[in-house]
Amino acid sequence: MSMTIRADSQANELLQTVEALSGQRLAACYQCGTCAATCPFVAAMDLPPDRLIQQLRFGLPGVLERRAFWVCVGCDSCAERCPRAIAVPRVMEALRLIAIRERGDRLAVAQLPAATLRDLPPIALVASLRRNTG
Amino acid sequence: MQLAYYPGCTIKASARQHEQAALAILRALGVELREMAEWNCCGVVHTLTSANLIRHMAPVRVLARLRQQGAHEVVTLCDMCFNTLARANLLARQQPEQFAAISASTDSELRYDGDASVLHLLQVLRDRVGLAALRARVRRPLRELRVYPYYGCKLLRPSTVGIDDPEIPTLLRDLLEALGATVIEGHLQTRCCGAYQAVDQPELVAERVTATAAQARAGGAEAIVLSCPLCHFNFDTLQPRNGAPLPVFYYTQVIGLAFGLEPEELGLETRQIDQLPPLRQRDRAQAKGGAA
């Protein structure tokens, strides 16, 4: 099996878009793993945040198919602790936005069970829609 | 003391008991909340990319209306509203050009330049009323009640808007100790409960609230005390049902109990009081004393 890794950031459109949308410069990340160690939901991620950043930087395929950025709720624990001051939740939001623009909404309110809709606090529904739909 | 008040959607829907308790304890402390006219949903979450300026419209509209109504500061009970309004406010101060674009899109109807302050009720209690005044108002100290304060995310992070130390907060502990309660603490107090994942990934929330409740119980806590209506929903509905779940209370309700207010004034049902053994025993002792 062979894999192409592009070190030339000019060719890495996804990285450029993520950096533009998030306002974060991912070259600053020195892969310490503090974000992964801090994240309360890392066990449910198919790729921890530090490795997601690394794959983005290398231009590896398949980043947009990952579940990790849909698991992140933006609790800002990692952002508070990042020694390179990278706001990882902004990177996750940029990936969500790109995925939604390419593939459409991830959540359809009409498909949620009526009981769920009735019981949920409005802040849960509105927050979920803001994170999962365009 | 009078303060403008922004309730937000959830306070008027699934968290009415929080508002009821807040208004009751503030009456007892001589603080009047004046609900804003024409408020709208704050948008709940702060938009994290540079591409969706329109999503800042909701909090900006609230802050612009506040200024139009002649107020300079606004209090909210909801942690999500607080966080979203405070971060929008910060953005208005730091990146006014973005807000100029939003204002232009409304034909300049909504002008806002970041000169209002957003306060959480906990800040009002700590910094304006003061914990000493709170302690002085206690009529029924919560002695022998063991509680686990849970902060979650939005009170503390990002630290640019947080109201306490993001790693080692003390506000809820100080407040609960002022009421006479015994406070149980642990490192999961500041770990996110999963928030809106309750909508379509509730297993993520269940895992977090289970771990946090287990830590509270292991320390001997009889109840979880918190502030955020979304954390409240998650802890109230997603703790495992195979054991007895820890009861969940808003801090406003616990303050009210210590003030000697009646449970019905605080949106509390008898069932919830029965979940707190020291209060139940005290009430029974008082009932016996009254009958004798």
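Two strands count as paired here if DSSP finds at least two bridges between them. With that in hand, the tour can start; the model on screen is a predicted one.

**Stop 1**

Select β1, β2, β3 and β4 of chain B. These four strands form an open sheet in the order β2-β1-β3-β4, and the pairing is parallel. The edges are β2 and β4 (117–120) of chain B, each of which pairs on one side only. From one strand to the next, the twist averages 45°.

Now zoom in on strand β1 (residues 2–5) of chain B. Four bridges join β1(B) to strand β2 (residues 32–35) of chain B, and the two run parallel. Click on B:Tyr5: its bridge partner in β2(B) is B:Glu35. To get from β1(B) to β2(B), the chain passes through helix α1 (residues 16–29) of chain B, and this β-α-β crossover is right-handed.

Next, show strand β3 (residues 73–76) of chain B. It runs parallel to β1(B), and two bridges join them. Which residue of β3(B) is the bridge partner of B:Tyr5? It is B:Val75.

**Stop 2: helices α2 and α3 of chain B**

Select residues 57–68 of chain B, which are helix α2, and residues 79–94 of chain B, which are helix α3. Their axes come within 9 Å and cross at roughly 80°. Angles of 65 to 115 degrees count as roughly perpendicular, so α2(B) is roughly perpendicular to α3(B).

Show side chains at the contact. From α2(B), the residues are B:Pro59, B:Val60, B:Val62 and B:Leu63; from α3(B), they are B:Thr84, B:Leu85, B:Ala88 and B:Asn89. By class, six residues of this contact are nonpolar, two are polar and none is charged.

**Stop 3**

Move to β5, β6, β7 and β8 of chain B. Here four strands make an open sheet in the order β6-β5-β7-β8, with parallel pairing. β6 and β8 (248–250) of chain B are the edge strands, each pairing on one side only.

Start from strand β5 (residues 146–149) of chain B. Two bridges join β5(B) to strand β6 (residues 182–183) of chain B, and the strands run parallel. Select B:Arg146 and B:Thr182 together: B:Thr182 is the bridge partner of B:Arg146 in β6(B). Include helix α7 (residues 171–178) of chain B, and β5(B), α7(B) and β6(B) can be followed as a right-handed β-α-β unit.

With strand β7 (residues 223–226) of chain B, β5(B) pairs in the parallel sense over three bridges. On this side, B:Tyr148 stands opposite B:Ile224 of β7(B).

Two helices can be shown against this sheet. α7(B) lies across β5, β6 and β7 of chain B, running at about 155° to β5(B). α9(B) packs on the sheet and touches β7 and β8 of chain B, and its direction makes about 160° with that of β8(B).

**Stop 4: helices α8 and α9 of chain B**

B:Pro202, B:Val205, B:Ala206, B:Val209 and B:Ala213 of α8(B) make the contact with B:Asn234, B:Phe235 and B:Leu238 of α9(B). By class, the contact has seven nonpolar residues, one polar residue and no charged ones.

**Stop 5: where chain B meets chain A**

Show both chains. 35 residues of chain B are in contact with 31 residues of chain A. On the chain B side, α8 and α9 each supply at least two residues. Which helix gives the most to this side? α9(B) does, with three residues. By class, the side of chain B that touches chain A has 22 nonpolar, eight polar and five charged residues.

**Stop 6: chain A**

Finally, hide chain B. Chain A has eight helices and zero strands. Along its principal axes, the C-alpha trace of chain A spans about 50 × 30 × 30 Å. To finish, colour chain A by its domain assignment: domain 1 is 9–103 and domain 2 is 107–134. Taken over C-alpha atoms, the centres of these two domains of chain A are separated by 24 Å.

Methods: Residues numbered from 1 in each chain as written. Chains lettered and ligands numbered in written order. Predicted model: local features only at pLDDT ≥ 70, side-chain atom pairs only at ≥ 80, totals over all residues. Contact = placed C-beta atoms within 7 Å. Nonpolar A, V, L, I, M, F, W, Y, C, P; charged D, E, K, R; others polar. Domains from an automatic or database assignment. Right-handed = clockwise from strand over helix to strand, strands pointing away. Axes fitted to C-alpha atoms, helices over the stretch in contact; angles between N-to-C directions. Parallel < 35°, antiparallel > 145°, perpendicular 65-115°, else oblique.
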